[in-house]
Amino acid sequence: MRLTVVGAGYVGLTTAVCFAHLGNEVMVVEKLPEKVQVLKEGKVPFYEPGLEEMLKENLSLGRLFFTTDLKEGLDFSDVIFICVGTPQRPDGSADLSQVEEVARETAKLMEGYKLLVEKSTVPVNTHKLIKRTVERYLKRRGKILEFDVASNPEFLREGSAVRDFLEPDRIVIGVESERARRIMEELYKDFKCPIIFTDPTTSELIKHASNSFLAMKISYINMVADLCEKVGADVRLVAEGMGYDKRIGREFLRAGIGWGGSCFPKDIKAFIKMAKDHGVDFSLLEEVDKINQRRAVQFVEKVKSALWSLKDKTLAVWGLSFKPNTDDIREAPSLRLVPMLLKEGARLKLYDPKAMENFKKLYPPGKDLDYAPDMYSAVEGASALLIFTEWEEFQKADLSRVKELMELPIIIDGRNIYEPEVVRGLGFEYYGVGVP
């Protein structure tokens, strides 16, 4: 099939490249000329394993095209995926101005049937606003043209987005017409997973409900971890015992310093705002968010308890991205932890395999903050090693070497990447989350 994707951000580019990989011809419409040029050269402006290789492959096969011209994109295909940004406003609601712009400009330029597919995460009933906007501008033009609006939310995890797209747990599609359903059935006919057709309203809700539930699981196990620390239990074993229950499952039961990224923080606040706007009490999710916000404060208190005073002490930090296998620092716990540690008078030596350049834009090197070229350089002379992100290379680190390089052999592990008995057996003081 021929497809058009509007927006070359994380979701848009992953969607376009993966659809092209499956044999479709895909044109991506992106407003920023400099980004279009970079993409035409086969370069991905963010880190996502496997994506750049697939981009280059499909460019060479002539299945992937980039343009700044929406008219060109609309002429290319009748199926238009809306993958533009929906940033969060201060009140928790989503800024839908870019979605509105796509709907408005499409209505001004379209000359025949179009299926507008919401891929961006949007509030419930956004499809109605898109439909109304298109109808208004078509009427203004004096045009009577058929179109449909569908919802097809993405469930991509940063760090594994390519696999998540090509091997999804399920595909959710919200449509209102048989024509739109047939098009989407044809597009996804080769996928070997459940395909759930709903109305657009239900489809839009599924994404927010899913992410909010996963965030709730993480906050729940973090709450349990706090109790484990008080009574001497091991949260890892508690989570394992819970996870064997098929009604609960093992995923998202890892205690730590909290969730971040571009999805969970934004989606849970947006879901709460939606509920309030419709007079529904979502205080449960409000508490889930509060638990997550407290994780950084509690971690810093743990560091202070281990070291007594942080003033003028050198602390090594491993991990700045909100999760491994990405350079994304949006809402990462490190963004809360670093300023709190600096306020306590600590000197920080930071290292992350992929996210340091993004972090430097917010926290440039200075008197009390520096960036290390590798994880071993970061721990030289440090009074403690703080682990913020569970990168695989940290789990495989030569801890004997780490111990020799540090001033004091203390590890405060915000992600429980090590076995306490093993690390303590090497002569470290080890402090995890919810572990004895």
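A residue is called buried when its relative accessible area is under 20%, exposed when over 50%, and partly exposed in between, using a 1.4 Å probe and protein chains only. By that definition, Phe-191 is buried, with a relative accessible area of 12%. The model is predicted, so local features need pLDDT of at least 70 and side-chain atom pairs count only at pLDDT 80 or more, while totals for chains, interfaces and linings use all residues. Residues are numbered from 1 along each chain as its sequence is written, and side-chain values use heavy atoms, with hydrogens and water left out.

Aromatic contacts come next. Rings of Phe, Tyr and Trp (its six-membered ring) pair if their centres lie within 6.5 Å, and planes under 30 degrees apart count as stacked, over 60 as edge-to-face and the rest as tilted. The structure holds 14 such pairs. One of them joins Tyr-10 and Phe-46, a tilted pair at 5.2 Å centre to centre with 40° between the planes. Tyr-10 belongs to helix H1 (residues 10-21), whereas Phe-46 is in the loop between helix H2 (33-40) and helix H3 (51-60), 36 residues apart; helices (H or I, at least four residues) and strands (E, at least two) are DSSP runs numbered from the N terminus. Tyr-10 is buried at 15% relative accessible area, and Phe-46 is buried at 17%.

Phe-191 pairs with Phe-165: the ring centres are 6.4 Å apart and the planes stand at 70°, so this pair is edge-to-face. Phe-165 lies in helix H7 (residues 161-166) and Phe-191 in the loop between helix H8 (178-187) and strand E8 (195-198), so the pair ties together parts 26 residues apart in sequence. Phe-165 counts as buried, at 6% relative accessibility. Both rings belong to one aromatic cluster, formed by Phe-19, Phe-81, Phe-165, Tyr-188 and Phe-191.

Charges also meet rings here. The charged end of Arg-181 sits over the ring of Phe-197, 4.1 Å from its centre, and Lys-360 lies over the face of Tyr-371 at 5.3 Å from the ring centre. The criterion is NZ of Lys or CZ of Arg within 6 Å of the ring centre and within 35 degrees of the ring normal.

Finally, Ser-210 is found in helix H9 (residues 200-231). Leaving aside neighbours within four places in sequence, Ser-210 is in contact (heavy atoms within 4.5 Å) with Phe-155 and Arg-170. The C-alpha atoms of Ser-210 and Phe-264 are separated by 9.8 Å, although these residues are 54 apart along the chain.
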